[in-house]
Amino acid sequence: LTATDTQIITVTDNESPTITAPADVAVNTDASSCDATGVALGSATTADNCGVASVTNDAPAVFLLGTTTVTWTVTDNAGLTATDTQVVTVTDNESPTITAPADVAVNADASSCDATGVTLGSATTADNCGVASVTNDAPAVFPLGATTVTWTVTDNAGLTATDTQVVTVTDNESPTITAPADVAVNTDASSCDATGVTLGSATTADNCGVASVTNDAPAVFPLGTTTVTWTVTDNA
């Protein structure tokens, strides 16, 4: 005679899966944008003794400038999980743009051969991730003639761009002249006119310098009065 009974043996998977995230990724921002889309992350490497059910990650659709940590998760058929991380670095490699103000034309300051307090205007700038600073190398005092001013824009990534503006200073201040004192002479001996008359020197001044001083005196002065015109010409 016999009798039977049963025993249940339950085998459970308690071995977690393994996962290795893809290599870190470095990309540039999209054109005219401060983030990156369509980033190729690659694929994680996984393994499990009883089979992998799913592999997921928490990557955003749009990666912001800087570093983003992507967490990859593997789940096996027993519901056990494991994680690994991948770093995505987005760099701004797009230079800013700058348009310098229009060229400027000014007159020299009164009684001076240069110009101060010149209003340059403002440069127009743009950048995909923001402008950090706008500078120029304009002097405090602009000399006579043309001076090139270089404007520089720097973005938040340290990238730069330049443009130039020309400041032209013109001398529009006439020189001054004072003729020598009037002269009275006698006719030359046995003559009705005078030669070798000593006229003296004119007194002149100019903010940017005198180029020449001339007069229209004749070599021979006739009897009576002759008006001599003295002319000063400055460097402008």
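Is serine 190 buried or exposed? At 87% relative accessibility, serine 190 counts as exposed (buried is under 20% relative accessible area, exposed over 50%, partly exposed in between, with a 1.4 Å probe and protein chains only).

This is a predicted model, in which local features need pLDDT of at least 70, side-chain atom pairs count only at pLDDT 80 or more, and totals for chains, interfaces and linings use all residues. Residues are numbered from 1 along each chain as its sequence is written, and side-chain values use heavy atoms, with hydrogens and water left out.

**Two serines with positive phi**

Most residues other than glycine have a negative phi. Serine 190 has a phi near 60 degrees, a positive value. Serine 190 sits in the loop between strand S17 (176-178) and S18. Strands are DSSP runs of E, at least two residues, and helices are runs of H or I, at least four, numbered from the N terminus. Serine 32 also has a positive phi, near 60 degrees. The loop between S2 and S3 holds serine 32. Serine 32 is exposed, with a relative accessible area of 63%.

**Disulfides**

The whole structure has two disulfides, a disulfide being a pair of cysteine sulfur atoms within 2.5 Å. Counting bonded cysteines along the chain, the pattern is 1-3, 2-4.

| Pair | S-S distance | Torsion about S-S |
|---|---|---|
| Cysteine 34 and cysteine 129 | 2.1 Å | 115 degrees |
| Cysteine 113 and cysteine 208 | 2.1 Å | about 115 degrees |

The link of cysteine 34 and cysteine 129 is right-handed. Cysteine 34 lies in the loop between strand S2 (25-28) and strand S3 (35-37), and cysteine 129 in the loop between strand S12 (124-126) and strand S13 (131-136), so the pair ties together parts 95 residues apart in sequence. Cysteine 34 is partly exposed at 26% relative accessibility. Cysteine 129 is buried at 13%.

The disulfide of cysteine 113 and cysteine 208 is right-handed, because its torsion about the S-S bond is about 115 degrees. This pair links distant parts of the chain, 95 residues apart. Cysteine 113 is in the loop between strand S10 (104-107) and strand S11 (114-116), and cysteine 208 in the loop between strand S19 (203-205) and S20. Cysteine 113 counts as partly exposed at 26% relative accessibility. Cysteine 208 counts as buried at 13%.

Two further cysteines have accessibility values. Cysteine 50 is partly exposed at 45% relative accessibility. Cysteine 192 is partly exposed, with a relative accessible area of 49%.

The largest pocket holds about 510 Å³ of space. A pocket here is an open set of points on a 1 Å grid over the protein atoms alone, where a 1.4 Å probe fits, with protein on both sides within 12 Å along at least five of seven lines; lining residues have an atom within 4 Å of a point. The lining has 22 residues, and Val183, Ala184, Phe221, Thr226 and Val228 are the closest to the pocket centre. Strand S18 (193-195) and strand S21 (220-222) are the elements that give two or more residues to this lining.

**Nonpolar patch**

Ile177, Val210 and Val213 make a nonpolar surface patch of about 190 Å². Patch residues have over 30% relative accessible area and no salt bridge, with nonpolar side chains (Val, Leu, Ile, Met, Phe, Trp, Tyr) joined within 5 Å and like charges within 9 Å. A salt bridge is a side-chain nitrogen of Lys or Arg within 4 Å of a carboxyl oxygen of Asp or Glu. Valine 210 belongs to strand S20 (residues 210-215). Valine 210 is partly exposed at 33% relative accessibility.

Conventions. Areas by Shrake-Rupley, 256 points an atom, 1.4 Å probe, with all protein chains shown as cover. Points joined across faces, edges and corners; volume = space filled by probe spheres on them.
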